[in-house]
Amino acid sequence: MSPTIEFREDTLNGSASICKFKDRKYLYLRVNRGGKKYTTHSLQTTEIDTARRNAIDVYVKIQSSPPTSGKSTLTIKKVFENYMIEKNKKLNRGLIKPNTQKIYQQRIDLRYIPYLSFKNMKNMIEIRKNSFDDYAGFQLDRRTRGRWKTETKGLSHNTINKDIGQLNEIFKWMVDKGFLQPQNKPQIERIKDLKKYSEESNPAYLPDDWKKFKDHLYKFDQGYEDEFETWKRRWFINYIRFMYQGGFRPHESRKITFGDCEILKRKDGKPSCLIQIDENTKTGRREMTMNGNTFLNVKSHLVKGIKLRNRQIEDINSRLKKGDDKIIDNYRKRIKEPIPLLEPLDKDDFVLMNPFLKDRKIYHGEHIRDWYKEVLAGCDFKRRYTVYSLRSTHISNQLLMNVPVNKVAKNVGTSMEMIQKTYDGLSARYSINELGFYKDTGVPETVEEDLS
């Protein structure tokens, strides 16, 4: 309950009031902080003339401090929400891209909030200059990431530094908006990246490993009498080829529709597929090209899948018509009504859609990873290859085919600097047949055994 005002005199051109509150000894300066929010501060005097002289100094002190709730319980999460409200305004005005706004929100939800829980920080009043000093260490030590708790060996230095850049921006915004006192504003230093990129968590396949992986992959659809199961496994083979040939990030490939794709002819007559990558991806909209034959194979297999699914639907509907009430669909629900046949491919359909799923959706990422692990299980590799390794392998092989780094970077949507740091180190391992000086005499060279 607010204290009762017994006396009030406006001062500083109406910007504040000198007040006498009931049951309080001293006079107070009362400053409106917007709406119905006020900040009051004791003027340390009972004399009105002295209070008038002290008013300007107290007013400046109040304005240099952030407004606080009555119990100092303004939460950091609430301030983050206010920050995103401003970002949404910029998005609506066309000042930032939708993907930028999405990334900002994901960092808050999946990285900043977990860190606050780790530090047991909830309210703005708890933030101090050193509150985020161990943010980088926390992220380097993480063993799961993302909404689906995917296994990780800690976030990459590049990802953490991008987090830090946004955090520093948010802290400056908090000070500017009066939520955080300047003397408490953290300033986080970016971390140096000393990691050996050739040993990154998503390594490119070595030549012998790549051959071994493909040998196992092309056996993945063999030995199944069920034509539907065979189709699904061949879908996975096409998925792997598509990811490798395009160098896509997994989330990028899931957004590609047939309307995004155009088949062109190269000078040698071979088909090339020009693809528009959706703006709501990591690096935004871009145009890229890939092997057209691979794209056409994916499309052809999908057409076969639609025909198979329609045959399956016709069989289900026929059984329903005959009174069979024991039919279970793909989602383990009893089918009671006839199912409409699938329409032919449309420009809005996803290139990687699965016609055996409802609403023409794509396999869940976990399903794809399970199949991927099944192929890897027969390979017994020492390196930890992932689905993302297909992108790494694409980039490495493009470089080893002497495609200019800038062209590779633009096509796959990354920076030249990142490609040079991550992939160039593999060139010696891949090029042992071309590198090194050997005598060209036609006489076999002898190898002297080192006994030292």
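User: In which loop is leucine 12 found?

Analyst: This is a predicted model, in which local features need pLDDT of at least 70, side-chain atom pairs count only at pLDDT 80 or more, and totals for chains, interfaces and linings use all residues. Residues are numbered from 1 along each chain as its sequence is written, and side-chain values use heavy atoms, with hydrogens and water left out. Strands (E, at least two residues) and helices (H or I, at least four) are DSSP runs numbered from the N terminus. Leucine 12 lies in the loop between strand S1 (5–11) and strand S2 (16–21).

User: Is leucine 12 buried, partly exposed or exposed?

Analyst: Buried means under 20% relative accessible area, exposed over 50%, and partly exposed in between (1.4 Å probe, protein chains only). Because its relative accessibility is 26%, leucine 12 counts as partly exposed.

User: What is the phi of arginine 360?

Analyst: Arginine 360 sits in the loop between helix H9 (292–321) and helix H10 (365–377). Arginine 360 is buried, with a relative accessible area of 19%. Although this residue is not a glycine, its phi is positive, at about 55°.

User: How many disulfides does a search of the whole structure find?

Analyst: A disulfide is a covalent bond between the sulfur atoms of two cysteines. Here the criterion is a pair of cysteine sulfur atoms within 2.5 Å. The closest cysteine sulfur to that of cysteine 261 is in cysteine 273, 4.4 Å away and therefore too far for a bond. Across the whole structure, the number of disulfides found is zero.
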